[in-house]
Amino acid sequence: MKSKILDAVGIFAAVLCMIHCIVFPLLLIVPLGISHDPYIDLVFLFIGAVVVFRITKKMENRWLKFLFWISLSLIFISILTDFLFEVHLPLIYIGAIGLITGHIINFKNHKH
């Protein structure tokens, strides 16, 4: 798959993740009987990891590669903390913003 397509998928997945992370806690306030399921976060992490791995495999820009992997690591730490201690850390938001930023930068750096 071309890198610009992977960037588009990555941006879409990271934005969906961010929307999920922002909207879901608001839905918990409304008495609808909805409970938090960290497995949804794992799905977003898996999609992000596959896309980041494929994009950074041949990437020469070390700073951008670092941004991708640090962002993914922050999301992983947040999800792991949620599984182990049932605490939702704001690191997931920082990681999602980092992924979105990295994908936009990488997308703009391509010769279209």
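This is a predicted model: local features need pLDDT of at least 70, side-chain atom pairs count only at pLDDT 80 or more; totals for chains, interfaces and linings use all residues.

User: How do α3 and α4 pack, in angle and distance?

Analyst: Their axes are 8 Å apart, and the angle is about 155°.

User: What makes α3 roughly antiparallel to α4?

Analyst: The cut-off is what decides: angles over 145 degrees count as roughly antiparallel. The angle here is about 155°, so α3 counts as roughly antiparallel to α4.

User: Which residues of α3 meet α4?

Analyst: Among them are Trp63, Leu67, Ser71 and Ile75, and on the α4 side the partners include Gly95, Gly98 and Leu99. Ser71 has contacts with Gly95, Gly98 and Leu99, leaving aside its neighbours within four places in sequence.

User: Why is Ser71 called buried?

Analyst: Buried means under 20% relative accessible area. Ser71 has 3%, so it counts as buried.

User: Now for α2. How do you know that its length agrees with what a helix should span?

Analyst: With 19 residues at 1.5 Å a residue, α2 should span 27 Å. The C-alpha atoms at its ends are 26 Å apart, which agrees.

User: Why do we say the buried residues of α2 line one face?

Analyst: The buried ones include Phe44, Leu45, Gly48, Val51, Val52 and Ile55. Looking down the axis of α2, the buried residues fall within an arc of 140°, so they line one face. Tyr39 and Phe46 are exposed, on the other side of α2.

Methods. Residues are numbered from 1 along each chain as its sequence is written. Side-chain values use heavy atoms; hydrogens and water are left out. Buried means under 20% relative accessible area, exposed over 50%, partly exposed in between (1.4 Å probe, protein chains only). Contact means heavy atoms within 4.5 Å. Helices (H or I, at least four residues) and strands (E, at least two) are DSSP runs, numbered from the N terminus. The expected span of a helix is 1.5 Å times one less than its number of residues. The arc is that of the directions from the helix axis to the C-beta atoms. Axes are lines fitted to C-alpha atoms, for helices over the stretch in contact, and angles run from 0 to 180 degrees between N-to-C directions. Angles under 35 degrees count as roughly parallel, over 145 as roughly antiparallel, 65 to 115 as roughly perpendicular and the rest as oblique.
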